[in-house]
Amino acid sequence: MIRLHCFGESGNAYKAALPMTLAGLDWEPVKVDFFAGAARSDAFRALNEMGEVPVLETDDGLRLSQSGAIQDWVSERTGKFGGNTPEERREVLRWVLWDNHKLSGQAGTLRFLMNFLPPEKRPEQVIKWLQGRLAPTYATLDRALEDRDWLVGDGPTNADFSCCGYLFYTEPFGFDRAAHPHIDRWLDRIAALPGWKHPYELMPGSPADREGATT
């Protein structure tokens, strides 16, 4: 059985879980209780010295971390989502790298600061700075989707699954779908793919679960 160590609040884990699901792979999630410190435990660091999700364990003994590497494995295993030509494969990689540096790397941090820290510990200056950094990033993605349905080629690829990683979450972090109509329509196209699920449906763990545990 293929196992993905993940939790529902993690957009980076979603970037790995979604293509595995849409590619038809048989896998099971293993919940990492991030908010209880599980990712910093010795047991988890034995899986991944970086102390991060996602971590993939395959049925043939391979262990991988980092969503982009897992996406590449999905494409190698299934022949899906990696691009159909060498040029498309490089273009997919270009968007995956851009997402990690410009989009998810900052949106994930911002969402955490705005929603998962106690209000009195939220650094307002850092939040404003990250929102300022993300504004042109959203604009870049919106322009790229103005005249095409998918970021690379004529169908969904890991470029799409990487860049959408945090954009389906509804907790407020400064992203407004209505303000980016081309992104909005692109997210609808992704959500219409057979087998698509929201991150809180696809992986264990959500803010509602944690609130329920404390009431």
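This dialogue walks through one predicted model, from its overall fold down to single residues.

Reader: Where do I start? How many helices and strands does the chain have?

Author: Start by counting elements. The chain of this predicted model has nine helices and four strands.

Reader: In what order do the elements run from the N terminus on?

Author: Read them along the chain. The order is β-α-β-α-β-β-α-α-α-α-α-α-α.

Reader: What radius of gyration would a compact globule with 215 residues have, and what does the chain have?

Author: Compare the chain with the rule for a globule. For 215 residues the rule gives a radius near 17 Å. The chain has 17 Å, so the two agree.

Reader: What share of the residues counts as buried?

Author: Buried means under 20% relative accessible area. By that cut-off, 47% of the 215 residues are buried. Then look at the surface. The accessible surface is about 10,600 Å², and carbon and sulfur atoms account for 51% of that area.

Reader: What do contacts say about residues 24 or more positions apart?

Author: Take the contacts with a separation of 6 or more. Residues 24 or more positions apart account for 70% of them.

Reader: Why does Thr157 count as buried?

Author: Use the cut-off of 20%. Thr157 counts as buried because its relative accessibility is 4%.

Reader: Is Lys197 buried, partly exposed or exposed?

Author: Lys197 has 39%, so it is partly exposed. Lys197 sits in the loop between helix 7 (181-191) and helix 8 (199-202). Beyond residues up to four places away in sequence, Lys197 touches Tyr14, Leu18 and Leu202.

Reader: What should I check in the backbone?

Author: Check phi and the peptide bonds. Most residues other than glycine have a negative phi, and most peptide bonds are trans. Now look for exceptions.

Reader: Which peptide bond is cis?

Author: The bond from Val53 to Pro54 is cis, with omega near 5 degrees. Pro54 lies in the loop between helix 2 (42-47) and strand 3 (55-57).

Reader: What about phi at Gln66 and Phe81?

Author: Gln66 is not a glycine, yet its phi is positive, about 80 degrees. Phe81 is not a glycine either, and its phi is positive at about 75 degrees.

Reader: Where do Gln66 and Phe81 lie, and are they buried or partly exposed?

Author: Gln66 is in the loop between strand 4 (63-65) and helix 3 (67-78). At 32% relative accessible area, Gln66 is partly exposed. Phe81 is in the loop between helix 3 and helix 4 (86-115). At 13%, Phe81 is buried. Recall that Phe81 is also one of the residues that Thr157 touches.

How values were computed. Residues numbered from 1 in each chain as written. Predicted model: local features only at pLDDT ≥ 70, side-chain atom pairs only at ≥ 80, totals over all residues. Heavy atoms only, no water. Helix = DSSP H or I, 4+ residues; strand = E, 2+ residues; numbered from the N terminus. Rg over C-alpha atoms; globule rule 2.2 N^0.38 Å. Buried < 20%, exposed > 50% of the residue type's maximum accessible area, 1.4 Å probe, protein only. Contact = heavy atoms within 4.5 Å. Areas by Shrake-Rupley, 256 points an atom, 1.4 Å probe, with all protein chains shown as cover.
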